[in-house]
Amino acid sequence: MRVVADRERCEGHGMCEAVAPTLFRVADDGITEPLVDTVADADRQLIALAVDSCPVQALRLQSS
Ligand code: SF4
């Protein structure tokens, strides 16, 4: 499973980083950067929370 961030849609609200700081970082340009490519099984619940927390639906999970 991979997490994909839509750079056009992201508005830099930072909810993903607040919910899962080990998995996302809002970069200097105000756009989120996933810190992992493949989501570890142990992080699935956390990443699902982060995806749901994004107010503009810029994050999605994709089968790898
Ligand atoms: S919560 Fe959504 S809009 Fe905010 S930084 Fe994360 S991906 Fe971007």
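Reader: How many residues surround the ligand, and which are the closest?
Author: In this predicted model, the ligand is surrounded by 14 residues. The closest are Cys 10, His 13, Met 15, Cys 16 and Cys 54.

Reader: How does that shell divide into nonpolar, polar and charged residues?
Author: Nine residues of the shell are nonpolar, four are polar and one is charged.

Reader: What does Met 15 touch, leaving aside residues up to four places away in sequence?
Author: With those set aside, Met 15 touches Ser 53, Cys 54 and Pro 55.

Reader: What share of the protein chain is buried?
Author: Buried residues account for 20% of its 64 residues.

Reader: Now the overall fold. In what order do the elements run from the N terminus on?
Author: The order is β-α-β-β-α-β, with two helices and four strands in the protein chain.

Reader: What is the radius of gyration, and what would a compact globule have?
Author: The protein chain has a radius of gyration of 10 Å. This agrees with a compact globule, because one of 64 residues would have a value near 11 Å. The C-alpha trace spans about 30 × 20 × 20 Å along its principal axes.

Reader: Of the contacts between residues at least 6 apart in sequence, how many join residues at least 24 apart?
Author: In the protein chain, 60% of those contacts do.

Reader: Let us move to the loops. Where is Thr 38, and is it buried or exposed?
Author: Thr 38 sits in the loop between strand E3 (32–34) and H2. Thr 38 counts as exposed because 9 other C-beta atoms lie within 10 Å, and the cut-off for exposed is 12 or fewer. Its C-alpha atom is 9.9 Å from that of Val 4, 34 residues away along the chain.

Reader: What about the phi of Gln 57?
Author: Gln 57 is not a glycine, yet its phi is positive, at about 50 degrees. Most residues other than glycine have a negative phi.

Reader: Where is Gln 57 found, and why does it count as exposed?
Author: Gln 57 is in the loop between H2 and strand E4 (59–62). Gln 57 is exposed because it has 11 other C-beta atoms within 10 Å.

Terms used:
Residues are numbered from 1 along each chain as its sequence is written. This is a predicted model: local features need pLDDT of at least 70, side-chain atom pairs count only at pLDDT 80 or more; totals for chains, interfaces and linings use all residues. A residue is near a molecule or strand if its C-beta atom, placed from the backbone, lies within 6 Å of it. Ala, Val, Leu, Ile, Met, Phe, Trp, Tyr, Cys and Pro count as nonpolar, Asp, Glu, Lys and Arg as charged, and the others, Gly among them, as polar. Two residues are in contact if their C-beta atoms, placed from the backbone, lie within 7 Å. The radius of gyration is taken over C-alpha atoms; the globule rule is 2.2 Å times the number of residues to the power 0.38.
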